[in-house]
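Here are my notes on the model, as numbered points. Please read them with the structure open.

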Amino acid sequence: MIKIKVINKGSQPLPAYATPQSAGMDLRANLDTPVTLRPMQRMLIGTGLHIALPEGFEAQIRPRSGLALKHGITVLNSPGTVDADYRGEIKVLLVNLSDTDFVVNGGERIAQMVIARHEQAVFETVEELDETQRGEGGYGHTGVK
């Protein structure tokens, strides 16, 4: 378990794991008044949270399955990435993919945040790549089974 420094400038509780084996923590909307997301509208919703991740970690912002299934609400740039050197407020880019308005209330669970390790890469220019069974087969190449 890693420790993450946090400043909560909002009025919502800190994110927490719902169960002992949960991968994600729910993020809550930090709103003074409800906002309405119209069909196909996108909106940046603040959480009031500012974090300092350790080097080599990121926070991934992902949709909540219940909002997606029941209301067609999802995170537009999913997963969104919060880098270890970012110190601004964590905000969630929600989009309403349904055909009805959706009201976001203060305190509502709007996304989940997963803390993950990552690596940085260095590219090495070469003249050819090793051969594989798949080769250059792209989208849909493996077919339907």
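1. Proline 13 first. Proline 13 is exposed, at a relative accessible area of 52%. The classes are buried under 20% relative accessible area, exposed over 50% and partly exposed in between, with a 1.4 Å probe and protein chains only. Proline 13 sits in the loop between strand E1 (5-8) and E2. Leaving out residues up to four places away in sequence, proline 13 touches Asn8 and Arg28. Contact here means heavy atoms within 4.5 Å.

2. Ground rules. This is a predicted model, where local features need pLDDT of at least 70, side-chain atom pairs count only at pLDDT 80 or more, and totals for chains, interfaces and linings use all residues. Residues are numbered from 1 along each chain as its sequence is written, and side-chain values use heavy atoms, with hydrogens and water left out. Helices (H or I, at least four residues) and strands (E, at least two) are DSSP runs, numbered from the N terminus.

3. Salt bridges. How many salt bridges does the structure hold? It holds three. The criterion is a side-chain nitrogen of Lys or Arg within 4 Å of a carboxyl oxygen of Asp or Glu. Side chains of opposite charge can pair when their charged atoms come close.

4. Aspartate 26 and arginine 64. Their side chains meet in a salt bridge, 3.4 Å from N to O. The pair links distant parts of the chain, 38 residues apart: aspartate 26 is in strand E2 (residues 25-28), and arginine 64 is in the loop between strand E6 (57-62) and helix H1 (65-71). Arginine 64 is buried because its relative accessible area is 16%. Aspartate 26 counts as partly exposed, since its value is 22%.

5. Aspartate 26 and arginine 109. Aspartate 26 also forms a salt bridge with arginine 109, at 2.9 Å from N to O. This pair again links distant parts of the chain: aspartate 26 in strand E2 and arginine 109 in strand E11, 83 residues apart. Arginine 109 is partly exposed, with 35% relative accessibility.

6. Arginine 38 and aspartate 101. What is the distance between the closest N and O atoms in the salt bridge of arginine 38 with aspartate 101? They are 2.7 Å apart. Arginine 38 lies in the loop between E3 and E4, and aspartate 101 in the loop between strand E9 (91-96) and strand E10 (102-104), so the pair ties together parts 63 residues apart in sequence. Arginine 38 is partly exposed at 45% relative accessible area. Aspartate 101 is partly exposed too, at 43%. Elsewhere, salt bridges that share partners join Asp26, Arg64 and Arg109 into one network.

7. The loop around proline 39. Proline 39 is in the loop between strand E3 (35-37) and strand E4 (42-46). Its relative accessible area is 33%, so proline 39 is partly exposed. Proline 39 and aspartate 101 are 62 residues apart in sequence, yet 5.8 Å apart from C-alpha to C-alpha. Beyond residues up to four places away in sequence, proline 39 touches Asn96, Ser98, Asp99, Thr100 and Asp101.

8. Backbone points to check. Methionine 40 has a phi near 70 degrees, a positive value in a residue other than glycine. Methionine 40 is in the loop between E3 and E4 and is exposed at 57% relative accessible area. A cis peptide bond joins serine 78 and proline 79, with omega about -5 degrees. Proline 79 is in the loop between E7 and strand E8 (80-82).

9. Valine 75. Buried or exposed? Valine 75 is buried, with a relative accessible area of 4%. Valine 75 lies in strand E7 (residues 73-75). Valine 75 and leucine 93 are 18 residues apart along the chain, and their C-alpha atoms are separated by 5.6 Å. Not counting residues up to four places away in sequence, valine 75 touches Ile61, Arg62, Pro63, Val92, Leu93, Leu94 and Ala111.
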